[in-house]
Amino acid sequence: MRLLSVFSALACAATHVAAKPVNSVPFFTTVSDTEHIIGNSLWNITIGSTYGTKLYYKNKDIVGDAVGHYVSYRLSRPSIHASITDKMIEGALANLNWTSAKIFSQTNEYLDVSFSAKEGDMHWVIYPNLAGAYQYFVNRALPVLGEFRTLFRLDNTTFLNGKTNVKDGALPTLAEIAASTKVQDETWQKADGTYITKYDWTDFIRDNSYYGVYGPGFGSWYIYPGKDEYNGNHLKQELMVHRESSTGDVVQLNMLHGTHFMASASDAFEVGKTWGPWLWYLNDGSSADAAKRAYDEECNFPYSWFKSDTNYQSRGSVSGTLKLSDGRPAAGAAIFLGDNRPNETALDMGRYNYYTAYADSKGAFSIPNVRSSVYALQAWANGGKIGDVTTVYLQNDVTVTRGKETRLGALTWTTQSRKQIWQIGSIDRKSVGFQYGGAAHQHALVAKCPANLTYTPGVSKDSDWCFGQSALGSWDVSFSLPAEQLKSNASAVVSVSLAGYSSGVSDVILMNGVQVGNLTSASIPTDPCMYRSGTTAGEWHYFEFNVPASTMKEGKNTLRFQCTRSTLWHGFMWDSVLLEWA
């Protein structure tokens, strides 16, 4: 969650200027039992039993022949051992069907219109002078989910471009897609060998202050300053915008609970759980204007006008200072406030509310605007000065009370306390630093990584190790050991930290020809990172393998990751590999 300093808060107050008043009264008009029109004099949309169409802005229907606005969900993603039937069920999307609509509340400032389905209520909060609306959803009976989203599918002659935090440019045209060869889901190879895929328009959710689609004279943006309700941690990434390949519609996604880059997701939600409010914002296509609006929304978060039965307005803060058991400050550590006494990974959590931060150079952290509840605090290495720490800090029963700061004080994080022989990469749950690691999203990048590779600690650089291993072959780590170390240590530990893994690729781990471990699909939950244009992270996995000293020798040694099974564009995305004396 983005933090505002005292100075930036003052800047918020200084730069906020009220919009010039115009005669733009919000309205809700019933056409029939299944058709209603909402908006103000700047825009309006006609909402039927499922879809919102006839979206007029600046005297133009910006939905046109596209599908329009709707809300949908997908059942939970099955585990790696799920049956074929389970996987077929998981693949089905269900759209919400609106059975009624009404004015939920009305003030001198805004009109809140609610559209109800059996699963819950979708709200549009309309202000007089606002092009767009605040939106939120209240759960009533959503099933156990995987995926939950709201979205617009818009006119492809009006909106030509997409923008996320990391990508800004023209969306592929329907003609380009039609002229290319499909190679996997929503991915095509062009005649020149390059690829078109919707997954290039993916980004890390919590890094985005705004995103959307735009063209000459028109822009449609999502601005979600709080992000409390999004599932997952710092590395939760989602598809943001794309071109619908069957119709050409321009798609603007709001993935409230997404699974595109996760190994699993299966969440049941409390009745009354609320996502939002977020802002859907229309403008003339200016990214700079959208950025300014996002800044203003951040300044005003949490929204004082939002009245809810949830604890939205009941917030406190959490602070503390982390020090490693070896005396170092936990500089730059990733901080995560999530489910108490967790039984899921931080990325998989999604039932409640979640908060992220990073510690400063002294290990101090502060998380503002935390909803009143009981949480668990987790911390893990984010590279830098503590990039050799493989353990995860966990403190349960962190209670947050309205209007109070929960001061955790000095916290001690126990490290693995082993003597390092060598390390490749830095523990941060990302592939950044390796060859191609952290590159712009692009399909099939792992195919550029070599089948065979030799790395020499102390000589080779991290960038000599490729971000992913997919092809049949051997990746060797060649290193030397002095006799005295072998005599004084009975065993070592190979630690393998994976930034992600896409199934169908297996490694045998050998020390001087003796097997000491393996990495296989049978034991690693799979996520789609490698074959969906991921270059930085998917779902993190960590393994330790015992290496008897008897398998090593004085002088030259070789630790080998021998790939014995390969699947095109799948494989291991590396975070770090360490060898330490036990």
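The model is predicted, so local features need pLDDT of at least 70 and side-chain atom pairs count only at pLDDT 80 or more, while totals for chains, interfaces and linings use all residues. Residues are numbered from 1 along each chain as its sequence is written, and side-chain values use heavy atoms, with hydrogens and water left out.

**Asp339**
- Asp339 belongs to strand E26 (residues 334-339); strands are DSSP runs of at least two residues, numbered from the N terminus.
- Asp339 is buried (under 20% relative accessible area, 1.4 Å probe, protein chains only).
- Asp339 has no salt bridge (a side-chain nitrogen of Lys or Arg within 4 Å of a carboxyl oxygen of Asp or Glu); Arg351, the nearest side chain of opposite charge, is 5.0 Å away.
- The side chains of Asp339 and Tyr354 make a polar contact at 2.7 Å (a pair of N or O atoms within 3.5 Å, one able to donate a hydrogen and the other to accept it; residues adjacent in sequence count only if both atoms are side-chain atoms).
- Beyond neighbours within four places in sequence, Asp339 is in contact (heavy atoms within 4.5 Å) with Glu344, Met349, Tyr352, Tyr354 and Ala376.

**Five-stranded sheet**
- Five strands form an open sheet of mixed pairing, ordered E33-E35-E40-E37-E38; two strands pair if DSSP finds at least two bridges between them.
- Strands E33 (453-455) and E38 (514-519) each have a single partner strand, so one side of each lacks a neighbour in the sheet.
- Strands E37 (residues 506-511) and E40 (residues 555-565) run antiparallel, joined by six bridges; Val508 has Gln562 in E40 as its bridge partner.

**Three-stranded sheet**
- Three strands form an open, mixed sheet in the order E28-E25-E31.
- Strand E25 (residues 315-324) runs parallel to E31, with seven bridges joining them; Leu322 stands opposite Leu411 in E31.

Notes: Helix = DSSP H or I, 4+ residues; strand = E, 2+ residues; numbered from the N terminus. Buried < 20%, exposed > 50% of the residue type's maximum accessible area, 1.4 Å probe, protein only. Lys, Arg positive; Asp, Glu negative; His and termini not counted.
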